[in-house]
Amino acid sequence: MGRKGGRRSQGALLFGMDRRHFNGLAATGLMGLNLRPQAWFDLLSDQNLEVDGPRLNQRMRELESFGANAAGGIDRVAFSDANIEALDWMAGLLVESGFSPSIDFAGNLIARKPGSSPELPSIMLGSHIDSVPGGGNYDGQVGSMGALEVAATLADAAYTTRHPLEVSIFSNEEGGKTGSRALAGEVETFELDIVTASGFTIGDGIQRLGGNPDRLEEVRRTDGSAEAFLELHIEQGAVLDADEIDIGVVEGIVGIMRWTVIVDGSTNHAGTTPMDRRSDAMVGAARFIDLVHTTARRMPGRQVATVGRLEAEPGAPNVIPGRVTMTLEIRDLSMAGIERVFNEISGNTARITEETGTHLSFQRFYTSRAAPTAMWIREIIETSAQGLSLSTHRMPSGAGHDAQSIALFAPVGMIFIPSVAGVSHAPDEHTTPQDVVNGANVLLQTLLELDER
Ligand SMILES: [Zn+2]
């Protein structure tokens, strides 16, 4: 790809750099202000700072070699040798950029660099490099290498931020966000015994990385201990790709609630029971599934609702099912939104049970809290993208991310870049080199803007 800017930048390119600077200055709200000359200089030099795209993409390719599989994807599951070797390699790159890396007790690779105002809280950036079994080369990796590229760009320019910087590569994201949740004090003791895809328990895995599962409590951060956390990530969905948008400004990570739904009817002979004398639990279930789908579509908002599993008993071709057990899952950016959708669904089941002669009950078994991103960081991300002539779109994240844990103690911002055809957690996962560079540049500009505040 030879294009410098975004997919929709043709018009802007006519104006070249001038238009770009104009956008940047107008967007930061500083046009017409009477700034001292040094401030203008700082602003212009911030605007000029750009990541080294070829280096970033070259390093993305190098990262692929750790745990590469025959399908073109990776098996770099948390705590595997490939995971450990890749972290070693990244620690070396961080040293080259003037950072001091170390592994904390939770197995996170944390690299720090002092700022010019040591009393300020640090700005954190990062993501994860562990994968699902048979994963792709972009999930977590774009944000991790993007953070390393920002670190390298600042080092090349001999640019010192005011805030201390902290690059974090979190441990075991795919197996339960262990590293980032440890910083929020959320990891429970029983989790350490869970066996992960590596074959090691989380506790043993943390030790393999160089951490200490007995001292997790010590990595816990306090409220306000960080100025902000920024995570660049692939969308893992098809919205940006389909709509040809460069940058997704994440409004938050959606909350999730799941219920077991049981429909009770009467088991009976499928040949001898007339159609008007049945209490068919499967028919009740079918109507319920339709109710879930139509309710989530009809209500205003961007909630999603899914019946993902269904089991009929006794489950024979010649027997009317007497019981169907299903799952209901609802996701939304606000927990109140989830409850509204649930109330609307559960409040409309009376007609189904009446007409089908069945009984329906709900039991909630899982809740994951929604994690909104900070409003002011969303605005900075947008402004930064616009300054680079990149198109933006505000959107929720339907998948979980490390940022969701960090949001429990610090303001967070998330930058999405397109996933080709929305494919993720598979070897075919792909994001174009230009989009990777775009994302890293937005990460860099957002960091610099945050640092000025
Ligand atoms: Zn991820």
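Which residues is Ser-97 in contact with, leaving aside its neighbours within four places in sequence? Residues are numbered from 1 along each chain as its sequence is written. Because the model is predicted, local features need pLDDT of at least 70 and side-chain atom pairs count only at pLDDT 80 or more, while totals for chains, interfaces and linings use all residues.

**View 1. Ser-97 and its surroundings.** Ser-97 sits in the loop between helix H5 (81-96) and strand S1 (100-103); helices (H or I, at least four residues) and strands (E, at least two) are DSSP runs numbered from the N terminus. Its contacts are Ala-151, Ala-152 and Ala-155, a contact meaning C-beta atoms, placed from the backbone, within 7 Å. Ser-97 has 20 C-beta neighbours inside 10 Å and so counts as buried (20 or more is buried, 12 or fewer exposed, in between partly exposed).

**View 2. Helix H4 meets helix H15.** H4 (residues 53-64) and H15 (residues 433-452) pack at about 115 degrees, with axes 10 Å apart; axes are lines fitted to C-alpha atoms over the stretch in contact, and angles between N-to-C directions run from 0 to 180 degrees. The two are therefore roughly perpendicular (65 to 115 degrees; under 35 is roughly parallel, over 145 roughly antiparallel, the rest oblique). Look for Gly-53, Leu-56, Asn-57 and Met-60 in H4 meeting Pro-433, Val-436, Val-437 and Ala-440 in H15.

**View 3. Confidence along the chain.** Mean pLDDT, the predictor's confidence from 0 to 100, is 91, and 90% of residues reach 70 or more. Over residues 1-34 the pLDDT is below 50.

Definitions and conventions. Two residues are in contact if their C-beta atoms, placed from the backbone, lie within 7 Å.
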